[in-house]
Amino acid sequence: MSTTPQSFSGESAHKADAKDFSAVLVLGGDAVAVQLAERLCEEGFSVVYVGEPEPIFTPENYDGKIECIANGVLKAIHGVTGAFYASVQTPCGMVQKKVGFVVVAQPPMIVPKYEAYGVKPENKVVCLSRFLEQLQDGQIGALGEADQLHIAFFAGLDGVADTATFAKIFDCIDVLINQKNVQCYVFTRHLKVAENGLEARYRRAREAGTLFFAFEQDAPVVEQTDGVVKIVFEDPHLSAGFELAPDILVLDEWLLPPDSVEPVCAMIPSSLRSRPYLTPPSPRFPSVETAKAGVFALGPARGTFYAPKLRDDIESVVGSLKKLITLTQHGGSAFVAMVEPEKCTLCLTCVRTCPHGAIQFATSASVDENSCQGCGICVSECPMSAIALAERKRSPSDNSKEQRRVESAALHNGKLVAFLCEHSGANAYAELSSALRALVKPIVVPCAGAVGEMHVVQALLDGASGVLVAGCFDGNCASVYGTNRAAYRLALLQQTLAEAGLNKDRLIYVPLASNAPYILASAIEELLRSTDSSTQDSPAASMS
Amino acid sequence: MKRTSINDLDASFKWRVARQPGGEGITRCFSCKACTAACPICLIEPRYDPRKIIRMVLLGMEQEVLKNDLIWLCSTCYGCREVCPQDVRFTDVMFAIKNIAAQEGCVPAGLMGQKTILKKHGRLYEVGDFENEKREKMGLPAIREMADDYDKLL
């Protein structure tokens, strides 16, 4: 399993090693990660657990299958799914591990909002986690001597509070409602309690007498002078001024993703778009999956903090791991990028632009087949034209996709050419009326980002009267930023055309969704209008 | 703006209302305003707002609620109860509030006058010979005032 430290000195070493999909590196730190590690063992994986404090694994039969590097910190990691090489810093020096998958499952960073609310911590002002600890230790019981105890909770008055914050507040209230003479107040902007299980707790808290204030505009002001804390606010229902001097003011906290995932982020170029989270903000990615195959983010690392959802995340990780292992046998997407080593000059443009982190390099760039999603962004980015998309061997059920694809953009006879992303544009095109469809020559591409300048220019040279590129909406792209790259490239090309004295309106970029063929239809009509007046300056005529 | 200090209010007032028969639902309210929208009184007199009354009770504004003549405007149409998604049963809550107000002696003078008439005549207006003679001419039986019965009830 373990490799010698020498093999880490160069990027070339790992190409020789066989892939191993049985070991999972779990970056943990709390009970959720321990639960995940145990769950993975049940599924037959072996686990390398890294994180402090030292975890307690319960059943004995996990022995041998969980390797625990307690008090370890991940310092560096590289590689692709099946062969990740991790360097872990431990008190006894660096430890190197080779694993097949990486799961980031660290607990969140919790930062109290003292500054956001402009208050100083003191006896009467505490943060939520601290208060809950005090309650669970029974320390608040002593306060109950007063006639009436007013406890005020702030939840997301600076914006929005996470459901996990409300869950924690209800944890506190559950303890407090058993005490006499305690009156709880919750001040918030949005009562985010629609989450599974939370609404019933909200109702229980309300029926136990807790008062909720949801402010739409003016937030309460806290006056803090000489140990007296006063909340001044206008009740949203009565539109009347109130003030409350709480015995305890409990402030909520920012729940932030773990800050120790930099080495993992560094492996995924497109994680820049999702920082500080690891998973892309695109609905095309299933919950725990990141843009890089084999790297998964659970809970806080993907912006999920509510405990019941963390349990779902554990199952999602298990499911995604199994799915990935199945896919490695026949490939996930229809295409895979191939590098011609002779042409590669090691400029590393592809390494930087691959949203999936699928490209490694040694003497030339090389694409990892298991990680490549066949989006073709590297193909259009490569300045040496050293990369091409090749068809992956597929199961027969995928053949329908193949038929939809038009391979050659031969002579277009003055038609419009539409480059259609197979995730959105192609589906929208299929919904168009046959009259509209007849006006356009469709070319289905794996991602709008695969359409390079040369493709567009070639289409014009081949006699297309106009070119349309249809990609997904920003944030919907299955390759994170493919649609943005297409938009950027088309804008540049339009500028070049304009500078060359040609009609730049012969190119058009439309972001759309599968269920919005009307966007495509209006774009085609617009393109027809702008090309009608400009057929004279055809580049086929002027360029040749 | 004039501010009310919540510390000076009586947080246990809502429990006092909740302990009255019919008042149990008060803490279920999540201020959706359906009752206000359904209330015919609120159409005529916007100051009477079921939602606001509940809010004042929950905040513990005991004096402001009990000494307010508005609470006696409820016509017990049960419209609020029909629409309430939280089963607050506001009409019953109003009975509870009015009962407490009566115990505290916070009843408007007009209502007390009605009570005096009821106690004296057994109904809200006096039935004299004039009315009974008319009824006799029309073949209707005479009405007897049963003030004693109502006195017992009151």
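**Domains**

I looked up the domains of chain A and found domain 1 (23-107 + 257-329), domain 2 (110-254), domain 3 (335-391) and domain 4 (416-543). These bounds come from an automatic or database domain assignment. I noted that this is a predicted model, where local features need pLDDT of at least 70, side-chain atom pairs count only at pLDDT 80 or more, and totals for chains, interfaces and linings use all residues. Residues are numbered from 1 along each chain as its sequence is written, chains are lettered from A and ligands numbered from 1 in the order in which they are written, and side-chain values use heavy atoms, with hydrogens and water left out.

I then looked up a distance in chain A. The centres of domain 2 and domain 3 of chain A, taken over C-alpha atoms, are 54 Å apart. Chain B has domain 1 (6-103) and domain 2 (109-153). Their centres in chain B, again over C-alpha atoms, are separated by 32 Å.

**Strand E17 of chain A**

I went to A:Trp254 next. It sits in strand E17 (residues 253-256) of chain A. Helices (H or I, at least four residues) and strands (E, at least two) are DSSP runs, numbered from the N terminus. A:Trp254 is partly exposed, at 35% relative accessible area. I wrote down the cut-offs: buried is under 20% relative accessible area, exposed is over 50%, and partly exposed is in between (1.4 Å probe, protein chains only). A:Trp254 and A:Lys113 are 141 residues apart in sequence, yet their C-alpha atoms are 6.7 Å apart in space.

I stayed in this strand for a salt bridge. A salt bridge is a side-chain nitrogen of Lys or Arg within 4 Å of a carboxyl oxygen of Asp or Glu. A:Lys168 forms one with A:Glu253, with 3.9 Å between the closest N and O atoms. A:Lys168 lies in helix H4 (residues 163-176) and A:Glu253 in strand E17 of chain A, so the pair ties together parts that are 85 residues apart in sequence. A:Glu253 is buried, with a relative accessible area of 5%.

Side chains of opposite charge can pair when their charged atoms come close.

I checked A:Glu195 and A:Lys309. Their closest N and O atoms are 4.0 Å apart, and they form a salt bridge. A:Glu195 is in the loop between strand E11 (182-188) and helix H5 (198-207) of chain A, and A:Lys309 is in helix H7 (residues 307-330) of chain A, so this pair ties together parts that are 114 residues apart in sequence. A:Glu195 is partly exposed at 24%. A:Lys309 is partly exposed at 34%.

A:Arg130 is partly exposed at 37% relative accessibility, and A:Glu133 is partly exposed at 44%.

I also found a network. Salt bridges link A:Arg39, A:Glu42, A:Glu43, A:Glu315 and A:Lys322.

**Helix H5 of chain A**

Is A:Arg201 buried or exposed? I found A:Arg201 buried, with a relative accessible area of 17%. A:Arg201 lies in helix H5 of chain A.

**Backbone checks**

Most residues other than glycine have a negative phi, and most peptide bonds are trans. I looked for exceptions.

- A:Asn71 is not a glycine, but has a positive phi of about 55°. It is in the loop between strand E3 (66-70) and strand E4 (73-80) of chain A. A:Asn71 is partly exposed at 35%.
- A:Ser385 has a positive phi near 50°. It is in the loop between helix H9 (377-381) and strand E22 (387-391) of chain A. A:Ser385 is partly exposed at 48%.
- The peptide bond from A:Arg275 to A:Pro276 is cis, with omega near 0°. A:Pro276 is in the loop between helix H6 (262-265) and strand E18 (295-297) of chain A.
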